[in-house]
Amino acid sequence: MTPGRGTRSGAGTGTAIVAGLALTGTLLTGCTSAPDPAPSPSRDPGVPAGGMRLVAFDSCASALAGLRSAARAYVGPYGLPGVGIGPAFQTDNGGAERAVGADAAAADTAAKADTGYSGTNTHEAGVDEPDLVKTDGRRIVTVAGGTLRVIDPASRRLTGTLRLDTDPDDGWADADLLLHGDRALVLVREHGIAYRGGVRPGRPGVPPADDRQAIAGPRLVLVDLAGPPKVVGDFRIDGGLVDARQVGPTVRVVIRSQPRLDFPLNKGAGPVDEKKNLAANRKIIDRAPIDAWLPRYETSTGGGQVSTGRVGCDRLSRPAVYSGTSIVTLLSFDLGAAGLGDGDPVAVAADGDTVYSNGSRLYLASDQRWRVLPALTAADRAPDPKDEQTEIYQFDVSGTGRPRYVTAASVPGWLVNQYALSEWDGHLRVATTTGRTWGERPKSSSAVYVLRADGRTLTETGRVTGLGKGERIYSVRFVEGTGYVVTFRQTDPLYTVDLRDPRKPKVTGELKITGYSSYLHPAGNGRLIGIGQEANAQGRTEGTQVSLFDVSDPTRPTRIAQHHVRYGHSEAEFDPHAFLYWPATGTLVVPLSRYEPTGVDGGSAPVGGAMVLRVADGGFTESGLVEHPEPRTNDTSGLIRRSLMVDGVLWTVSDAAVRATDLGTLGTLATIPL
């Protein structure tokens, strides 16, 4: 976590949106036993080739015609990708590959080492990211199981509780927080019940617009913490939460939604008639109104006043190429305002997977893995280069008002996550992997591209290619003019890339070791901490490892220390929010778990805690393991997920309790059940 000042608001520094991308076989509907890659998205003749700018639709009629045409070409016998059967909404794209990185975090961490509390470990200094616990030094705020709790770190007591899931029909999903002054914004990833069928007569495939439960997606809850916690605003919208970023009181939230269409399968006996289904599904799209695509929202105040609306056609733009299967909406909220309002939306007919922001600019990246990978991996085929493209949209978010779209660019390959993006000295650096990474003989390699960001265009100035042939990127870290890229298949090359001359980026060093680092954290003084998995010579993982690298000489990176926990796993390997490095004392804290036998029917259960290491130039010293012995239930795992520092005290957070620990002795000071 990044240390913060005792009175600052909007603690922290800029994720994962979004994310990595969760890849599942269910995303490519319409696959048969011999799947073919999905068709290419439609090209809009009104937008220049390459999709380098967005163009607004002339009217709702033109938007509907374009979306219908694109989706019709894309629909299969089982529906649209991700929309066919069951809940018709897009879920979180955070995915299993969410992990790694920061830019200015090292300098920010070092500069604030003498302050009293740690903020969320984030990508960029001054740009906060949602997480399940927040602190401003005065209070610790957590959300778990539908309940928000406030803890006073000085008295080590629970001072406030607010139950958020008051509607028994709503259920509750994973939630994160953002904090500013006396306000907390709770971001619930999924809310409500999606439309599941029962098509209204005369409107095949279209869910009823007046059904309140048809809004299924994120729920944003604004909570006032000045006294007993109370809800002062509530916002719900169709779709799935991609990610969010906060600068001061201003929060930008990215939502990805899909058409609210129901594609009934052939209910007759015997095999599905795919030809008949395809014809029926195309008719459903041909009859669908614009309301089926445009996300709807509902906003309410603490006083119970409710208003509804939808994202307007005048707020929707399109790139040159789009599939009609997804709309990304960028919302803006002021945490200092009386309520949440409508978010002043800006929408793009695109597939947004990854969010990166340096505070003044926000980048939304979209690649097409979800379209092609399930079919390609099933058939062990290499991707077509035209499908291995990541489109990057740049928005100006320097003010507090509605974001302004600036420009776009396209680079070959796919991103591992948001930390493959970094803007420094007027240039955007992008690390990608191209080629087939699966099968017995993968043919892949990685590259770093440098694009000049002058506020009008994104133009490539240089590139370095050929990194990790036959491997893929596992982590990226950009620190000012240097990039660190980890690729892996059987061994782990750590590459150092000199990016000081944007016209001539070059690899200056390479270190090959077993295992890999999936998160890299600059520790100052030419040191880099990596956390990931150790592996044998064949690439089989063998448990969590923490590495300390000396990168003071970029031509000769070396690993000077390693701490290996056999059969261990850490959430910090895929979520950097779980990583705490406190430079004032050289303390590193990460969650750690491993499975041990239960003695019942040959079963096993996760056990663990928070591993505490001391980091020095010579390596690591293990201080011990902080544990939460609270009993596990059907609702709680008891495993520690986060740690933070407040006034010299180590606080650890599980879904069952929050515990205060003496950093010197690791003795328990207080335990607060949740």
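**Reading rings and confidence in a predicted model**

Val55 lies in strand S3 (residues 55–56).

Reader: Is Val55 buried or exposed?

Author: The model is predicted, and every value here is computed from it. Val55 has a relative accessible area of 16%. The cut-off for buried is under 20%, so Val55 is buried.

Reader: What describes a pair of aromatic rings?

Author: The distance of the centres and the angle of the planes describe such a pair. In this structure the count comes to nine aromatic pairs. One of them joins Phe235 and Phe333, with ring centres 5.3 Å apart and planes at 70 degrees. Planes over 60 degrees apart count as edge-to-face, so this pair is edge-to-face.

Reader: Where in the chain are Phe235 and Phe333?

Author: Phe235 is in strand S12 (residues 230–237) and Phe333 in strand S19 (residues 327–334). The pair links distant parts of the chain, 98 residues apart. Both Phe235 and Phe333 are buried.

Reader: Which residues form an aromatic cluster with Phe235?

Author: Tyr297 and Phe333 do; with Phe235 they make up one aromatic cluster.

Reader: What kind of pair do Phe488 and Tyr516 form?

Author: A tilted one, at 4.9 Å centre to centre and with 50 degrees between the planes. Phe488 lies in strand S30 (residues 482–488) and Tyr516 in strand S33 (residues 516–524), so the pair ties together parts 28 residues apart in sequence. Phe488 and Tyr516 are each buried.

Reader: Which rings have an arginine over them?

Author: Two cases can be given. The charged end of Arg318 sits over the ring of Phe57, 4.8 Å from its centre. Arg472 lies over the face of Tyr474, at 4.0 Å from the ring centre.

Reader: What is the average pLDDT of the protein?

Author: The average is 82, and 80% of the residues score at least 70.

How values were computed: Residues numbered from 1 in each chain as written. Predicted model: local features only at pLDDT ≥ 70, side-chain atom pairs only at ≥ 80, totals over all residues. Heavy atoms only, no water. Phe/Tyr/Trp six-rings, centres within 6.5 Å; stacked < 30°, edge-to-face > 60°. Helix = DSSP H or I, 4+ residues; strand = E, 2+ residues; numbered from the N terminus. Buried < 20%, exposed > 50% of the residue type's maximum accessible area, 1.4 Å probe, protein only. Lys NZ or Arg CZ within 6 Å of the ring centre and 35° of its normal. pLDDT = per-residue confidence, 0-100.
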